[in-house]
Amino acid sequence: MDQFVDDGSLDDNVDSFLSPDDTDPRDRVGRSADGSKGFSFTELRRIPASTSKVECCHFSSDGKLLATGGHDKKAVLWCTESFAVKSTLEEHSQGITDVRFSPSVSRLATSSADKTVRIWDVDNPGYSLRTFVGHSTTVMSLDFHPTNEDLICSSDNNNGIRYWSIKNGSCAGIVKGGATQLRFQPRNGRIFAAAADNFVSILEVETQLCSAKLQGHKNLVHSVCWDPSGEYLASVSDELIKVWNVGSGSKAEFIHELSCTGNKFHTCVFHPTYPLLLVIGCYETLELWDMTENKTMTLHAHDQLVSALAVSNTNGLIASASHDKHVKLWK
């Protein structure tokens with residue numbers, strides 16, 4: 001397998017991986033944005049983010065803030081320009097499992113092993129605006145609806161999914177079918193993907209019904225990730241990544257897959273510049289997968305598991321969070 005050079009960027013041998021002659025990055029990953037030969041993926045910053053394992057991270061929609069959370073029970077807001085701490089959010093009594101910014105308003109949501117979901121005002125984060133109680137066990141994941149500012153969904157490890165009204169401070173619906181991670185389809189948010197066991201359910205937000213069941217993983221699906229258009233969905237298990245053309249949700253079509261040949265897979269994001277390039281978080285490493293050519297490249301990234309990845313389509317940054325207590329920024 002081709003390797004990155006030591007400084008984390010790619011040298012000229014990248015030509016076998018990314019073809020610089022293509023003009024449409026949708027057809028193939030293509031050349032770098034400046035038109036020069038080759039492609040770079042470089043570590044910008046290593047942040048000692050916690051005294052414990054970091055489990056989750058997410059960029060604000062404007063790319064100016066990065067939220068992180070993990071075993072130390074705190075959510076931290078970082079300024080991505082100065083890399084300074086903006087705020088530390090401390091109310092959860094157990095580890096934080098997921099952090100998500102609202103796409104439209106200045107809010108952050110956190111989920112925790114303490115069975116709660118909390119909503120915070122990013123500009124005034126001294127205390128949470130809402131605490132949602134109702135899950136019977138660890139809340140594994142949550143997400144804001146992309147257009148309905150009042151709606152947030154969360155999932156627990158007992159396959160329970162709950163709809164919450166931020167305005168009313170109450171539960172607005174309960175569905176079975178998600179555990180490890182759930183994510184709304186970007187843009188219109190008519191559907192969301194929920195990973196549970198070795199499959200992914202596509203659920204309609206309005207009817208709360210399952211419109212498709214994406215199967216093919218043999219092991220637990222750790223995470224799911226949409227591309228920015230909401231057309232493609234990637235699902236990740238230890239040994240396999242599958243990419244689906246979901247469209248409206250009712251006719252999800254399997255289009256690509258990658259089997260693990262090195263360190264086990266855990267999480268992934270679509271690259272912000274090259275739509276058919278997937279960045280994969282593994283144990284200690286990041287893997288770049290050009291889906292069109294079905295070629296991969298690997299670089300050492302952390303000293304333990306890469307637990308989460310986040311991407312900003314505004315400034316092109318990618319963040320990796322790890323059990324080594326650090327967060328790294330890449331571009």
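Trainee: Is Glu 43 buried, partly exposed or exposed?

Mentor: The terms rest on relative accessible area: buried is under 20%, exposed is over 50%, and partly exposed lies in between (1.4 Å probe, protein chains only). Glu 43 has a relative accessible area of 31%, so the residue is partly exposed. Please note that this is a predicted model, in which local features need pLDDT of at least 70 and side-chain atom pairs count only at pLDDT 80 or more, while totals for chains, interfaces and linings use all residues. Residues are numbered from 1 along each chain as its sequence is written, and side-chain values use heavy atoms, with hydrogens and water left out.

Trainee: Which side chain meets Glu 43 in a salt bridge?

Mentor: Side chains of opposite charge can pair when their charged atoms come close. The criterion is a side-chain nitrogen of Lys or Arg within 4 Å of a carboxyl oxygen of Asp or Glu. Here the partner of Glu 43 is Lys 328, at 3.2 Å from N to O. The pair links distant parts of the chain, 285 residues apart: Glu 43 belongs to strand β1 (residues 43-48) and Lys 328 to strand β26 (residues 326-330). Strands (E, at least two residues) and helices (H or I, at least four) are DSSP runs, numbered from the N terminus. Lys 328 is buried, its relative accessible area being 9%.

Trainee: How many salt bridges does the structure hold?

Mentor: There are five. Among them is the pair of Glu 91 and Arg 118, whose closest N and O atoms are 2.6 Å apart. Glu 91 sits in the loop between β5 (85-90) and β6 (96-101), and Arg 118 in strand β8 (residues 116-121), 27 residues apart. Arg 118 is buried at 13% relative accessibility, whereas Glu 91 is partly exposed at 27%.

Trainee: What does Lys 242 pair with?

Mentor: Lys 242 forms a salt bridge with Glu 257 (2.8 Å, N to O). Lys 242 lies in strand β20 (residues 240-245) and Glu 257 in strand β21 (residues 253-259), so this contact ties together parts 15 residues apart in sequence. Lys 242 is buried, with a relative accessible area of 6%; Glu 257 is partly exposed, at 37%.

Trainee: Which residues does UniProt list for "repeat: WD"?

Mentor: The unreviewed entry gives residues 47-78, 89-124, 132-174, 214-254 and 299-331. UniProt positions follow the numbering used here, feature names are shortened, and annotations may be inferred rather than shown by experiment. In the model, residues 47-78 are 0% helix and 59% strand, with end C-alpha atoms 10 Å apart.
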